Amino acid sequence: MRVKRFFLILCAAFLLASSALAESVSESQGLDWQENDPWPFAIQYGDRSKHQVAITMDDCYEFEWVEKAWELITSYGGAMTIYPIGELLKEENLQPGDREMWQKIAASSSEIGTHTHHHRKMSKLREDNMLLYSKYPQQVTDQLLGYHYPLRTLRPPYGNYSEAYQKQLKIAGYHHVILWDIDTTDAGEVLSQVRNGSIILFHARKKDYTCLETVIPALAEQGYEMVTISVMLGLPPLEAQTELFDWRAFKKMVNQ
Ligand SMILES: [Zn+2]
């Protein structure tokens with residue numbers, strides 16, 4: 001409860017501090033949601049009164065495990081949120097078939113967010129680099145998918161963020177920073193810790209997939225709805241567009 005209150009205060013302070021900047025870009029970036037958003041900016045868990053959980057998967061160095069996890073959760077009627085490192089989505093880092101698989105995931109009820117472009121401690125960077133490494137993945141994602149797929153939530157590497165970073169993320173147009181309340185690959189521990197609104201952290205690795213093989217059927221059995229972060233937070237439906245995001249044009253706009 002104390003943590004939640006802290007986030008609320010932090011959020012309120014930053015809404016005030018960043019409102020002038022947010023206003024200047026809100027028209028073209030659709031930031032109007034900020035005014036009516038009931039959630040704090042940094043999210044550790046969702047609504048404790050709803051029988052739902054969010055399964056999230058980070059990094060994606062080994063894409064095959066994303067693919068398998070997505071197939072498994074989909075077969076149980078659930079959805080997941082994937083936070084890939086932007087760099088891994090670049091043309092030169094893709095294996096044959098990866099692009100088609102990402103397109104399939106993007107078109108499904110699951111969702112893609114970002115884990116920033118590299119895997120750095122964001123609070124240690126200069127502000128212009130905070131913005132660059134958080135927003136550039138939007139260009140890479142659009143090029144990967146072939147259309148504009150708005151990245152709405154971001155998972156900071158190591159869960160590391162700061163007040164200065166929040167300010168940049170709001171300029172970048174992110175709805176929320178997504179943290180977690182469960183971080184273990186022990187299926188027994190996941191199932192003993194899980195509660196309504198839990199956000200469970202996984203990585204694209206074999207041991208995490210092995211854990212999910214037990215956890216997903218068990219959550220389904222317990223009647224949990226496995227939803228994306230966007231659904232958990234009640235964000236408006238994602239609107240894909242044909243015009244790809246262009247980092248340079250964006251940078252020019254926010255500098256005006
Ligand atoms: Zn990571």
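Reply: The mean pLDDT (the predictor's confidence in each residue, from 0 to 100) is 89 for the chain, and 86% of its residues reach 70 or more. Over residues 10-32 the pLDDT falls below 50, although this stretch has 23 contacts in the model beyond near neighbours in sequence; residues are in contact if their C-beta atoms, placed from the backbone, lie within 7 Å. Where pLDDT is low, the predicted coordinates should not be read in detail. Because the model is predicted, local features need pLDDT of at least 70 and side-chain atom pairs count only at pLDDT 80 or more, whereas totals for chains, interfaces and linings use all residues. Residues are numbered from 1 along each chain as its sequence is written.

Helices (H or I, at least four residues) and strands (E, at least two) are DSSP runs, numbered from the N terminus. In the chain of 256 residues, 41% count as buried.

Strands pair if DSSP finds at least two bridges between them. Strand β8 (residues 225-226) runs parallel to β2 and is joined to it by two bridges, with Glu 225 as the bridge partner of Gln 52. Strand β7 (residues 199-203) also runs parallel to β2, over five bridges, and there Phe 202 is the partner of Met 57.

Strand β3 (residues 80-84) is paired with β2 in the parallel sense by five bridges, and Thr 81 of β3 stands opposite Thr 56. Between β2 and β3 the chain passes through helix α3 (residues 63-75), forming a right-handed β-α-β crossover: with the strands pointing away from the viewer, the path from the first strand over the helix to the second runs clockwise.

Thr 81 leads on to Glu 111, which touches it as well as Thr 228, Ile 229 and Ser 230, residues up to four places away in sequence not being counted. Glu 111 lies in strand β4 (residues 111-112) and counts as buried because it has 25 C-beta neighbours inside 10 Å. Its C-alpha atom is separated by 7.7 Å from that of Ala 79, 32 residues away along the chain.

Methods. A residue is buried if 20 or more other C-beta atoms lie within 10 Å of its own, exposed if 12 or fewer, and partly exposed in between; C-beta atoms are placed from the backbone. Two residues are in contact if their C-beta atoms, placed from the backbone, lie within 7 Å.
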